[in-house]
Amino acid sequence: VAQLDCIYSIFHILQFYDSSSKHLASDLLLLLSSESAVREQLRDIDGLTVCLRLLQSKDLYLTHRMVGVLEHLLEDPFFQDEIRMLGGVPLILGLLKMKEENQSSSSTKRDAILSLKSTCCSVLAQLSLDDTNAQLIVQGNGIYTISTLILPPAAPPTSTPPPPSPTSSPAPPSAPKVKKARSSVVVPRRRELLQKHALRALRLIFSEH
């Protein structure tokens, strides 16, 4: 597929089609961007500009796929400078500041946000292999931003039930506890992976800066 010169069509879909089509196109681009021939085509059509523009999409799935594409593009040294010159570093740091949803929110969305931030840390780690990029990350308060990802999330406030009145009848037996949802396992694992990626990014930034 990488030899069919279809990259222009993929980018056309990413910009002008419906969400479902964009998701499929982003999946394909993520897969193809690991090929050197595709990265060469991306240079010719200025595909990096489109990828960076899509980082600002409100579509979390699409944004995550574009960050993954950047991770593949950074295998080519050419894109180290290009991402910096096109303003990509502040955009990626901005994604790390995305608020995680509260406990009442969908576990799938919280999982997606943590996964997105992990990929952003991987991209920043690769970018920091260049001295100028590492300095730009530091100037953009990147060390503090990444460091906050290592800290455990704040525990939700707990409310103490009022004491029973002397005249009240005994409370009925509580219902059996329901097993926790999948998020009780997946989200902590995602957070642990995020912390590992954040630590790696910090280590490389400090070693280059």
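Me: Helices (H or I, at least four residues) and strands (E, at least two) are DSSP runs, numbered from the N terminus. With that settled, how many helices and strands does the chain have?

Reply: This is a predicted model, in which local features need pLDDT of at least 70, side-chain atom pairs count only at pLDDT 80 or more, and totals for chains, interfaces and linings use all residues. Residues are numbered from 1 along each chain as its sequence is written, and side-chain values use heavy atoms, with hydrogens and water left out. Reading from the N terminus, the elements run α-α-α-α-α-α-α-α-α-α-α. The chain therefore has eleven helices and zero strands.

Me: What percentage of the 209 residues counts as buried?

Reply: Buried means under 20% relative accessible area, exposed over 50%, and partly exposed in between, with a 1.4 Å probe and protein chains only. Of the 209 residues in the chain, the buried share is 39%.

Me: Which residues is L116 in contact with, apart from its neighbours within four places in sequence?

Reply: L116 sits in helix α8, and its relative accessible area of 0% makes it buried. Contact means heavy atoms within 4.5 Å. Leaving aside neighbours within four places in sequence, the partners of L116 are L60, T63, H64, V67 and M98.

Me: Which residues of α4 are buried?

Reply: Helix α4 (residues 47-54) is mostly covered, with six of its eight residues buried. Their cover includes α1 (7-16), α2, α3 (36-44), α5 (60-73), α6 (78-85) and α7 (88-96). The buried residues are G47, L48, V50, C51, L52 and L54.

Me: Which side chain of opposite charge is nearest to K22?

Reply: K22 belongs to helix α2 (residues 19-32). Lys and Arg count as positive and Asp and Glu as negative, while His and the chain ends are not counted. K22 is buried without a salt bridge, and at 7.1 Å the nearest side chain of opposite charge is D59.

Me: Which residue forms a salt bridge with R39?

Reply: A salt bridge is a side-chain nitrogen of Lys or Arg within 4 Å of a carboxyl oxygen of Asp or Glu, and the model has seven of them. For R39, the closest N and O atoms of the pair are 3.5 Å apart, and the partner is E75. R39 lies in helix α3 and its partner in the loop between α5 and α6, so the pair ties together parts 36 residues apart in sequence.

Me: How many residues apart are D111 and R190?

Reply: D111 and R190 form a salt bridge, with the closest N and O atoms 2.7 Å apart. The pair links distant parts of the chain, D111 in helix α8 and R190 in helix α11 (residues 183-208), and the separation is 79 residues.

Me: How many disulfides are there?

Reply: A disulfide is a pair of cysteine sulfur atoms within 2.5 Å. The sulfur of C120 is 7.1 Å from the closest cysteine sulfur, in C121, which is too far for a bond. By this rule, the number of disulfides is zero.
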